[in-house]
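The following paragraphs lead through one part of a predicted model, beginning with a single residue and its partner. Please keep the sequence and the coordinates in view while reading.

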Amino acid sequence: MRSDKAMGGYGSGRCSRKTAVEDCLSIDINYLNKKGFLKEGCQFTLRWSRDDWSASISAKAHKDYIFLYYTVDQEKGINYNVQLDKVPMNLGGYKNYFKCPKCNSRVEKIYKSSASDYFLCRDCLDLVYRSSKESGDELAKVRRKLDKLYSKLGGKWRGVYSTIPDKPKNMHQRTYLGIRKDIIKQERLLDELFCMKAEDLIG
């Protein structure tokens, strides 16, 4: 993806389901935290480069959000806040997450594709991992993940006939909601993989 090309506004359009995560710019919350960029008042610049293009954005950290500002199409100024979600950890302290500017989901990475001027989560941009497009074993991997996730809730994954189990009696609500969210993501990915496989067979 060339960073200076943007086709749509905030939340406009969706990438083709064949757009790969690896072809997008990304911001990793764990990288920002490791570098100390999340300290309130810290101003920093993120840069990306490949053989035929380079990109950079500026940012400033605030208590509960980071402010991003950059230019697309060499003339269009973009600036907006990406909210932070600080989740307490069992052993003390907390872990930082982004909240997607479009759907408000809690994520560790946000991405910018050629279909959006804004950094959003992978689901909002309809991105897939390149390995899921290239590897015939990806379907099996997703099925195994679903088997494990359902078993954590005391259930069994039964393909299209599956219903996410209710929260086990001794499980924390936050843990249950996290597992439920992972199940929904994996089932969505499985649908994408089936569609891609069908397209390949038709093509």
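D117 is placed in the loop between strand 8 and helix 2 (130-134), where helices (H or I, at least four residues) and strands (E, at least two) are DSSP runs numbered from the N terminus. The model is predicted, so local features need pLDDT of at least 70 and side-chain atom pairs count only at pLDDT 80 or more, while totals for chains, interfaces and linings use all residues. Residues are numbered from 1 along each chain as its sequence is written, and side-chain values use heavy atoms, with hydrogens and water left out.

At 1% relative accessibility, D117 counts as buried (under 20% relative accessible area; exposed is over 50% and partly exposed in between, with a 1.4 Å probe and protein chains only). The side chains of D117 and K76 form a salt bridge (2.7 Å, N to O), that is, a side-chain nitrogen of Lys or Arg within 4 Å of a carboxyl oxygen of Asp or Glu. Because D117 lies in the loop between strand 8 and helix 2 and K76 in strand 5, the pair ties together parts that are 41 residues apart in sequence. K76 is partly exposed, at 38% relative accessibility.

The structure holds four salt bridges. Another of them joins the side chains of D85 and R106 (3.0 Å, N to O). D85 lies in strand 5 and R106 in strand 7, so this pair ties together parts that are 21 residues apart in sequence. D85 counts as buried at 18% relative accessibility, whereas R106 is partly exposed at 35%.
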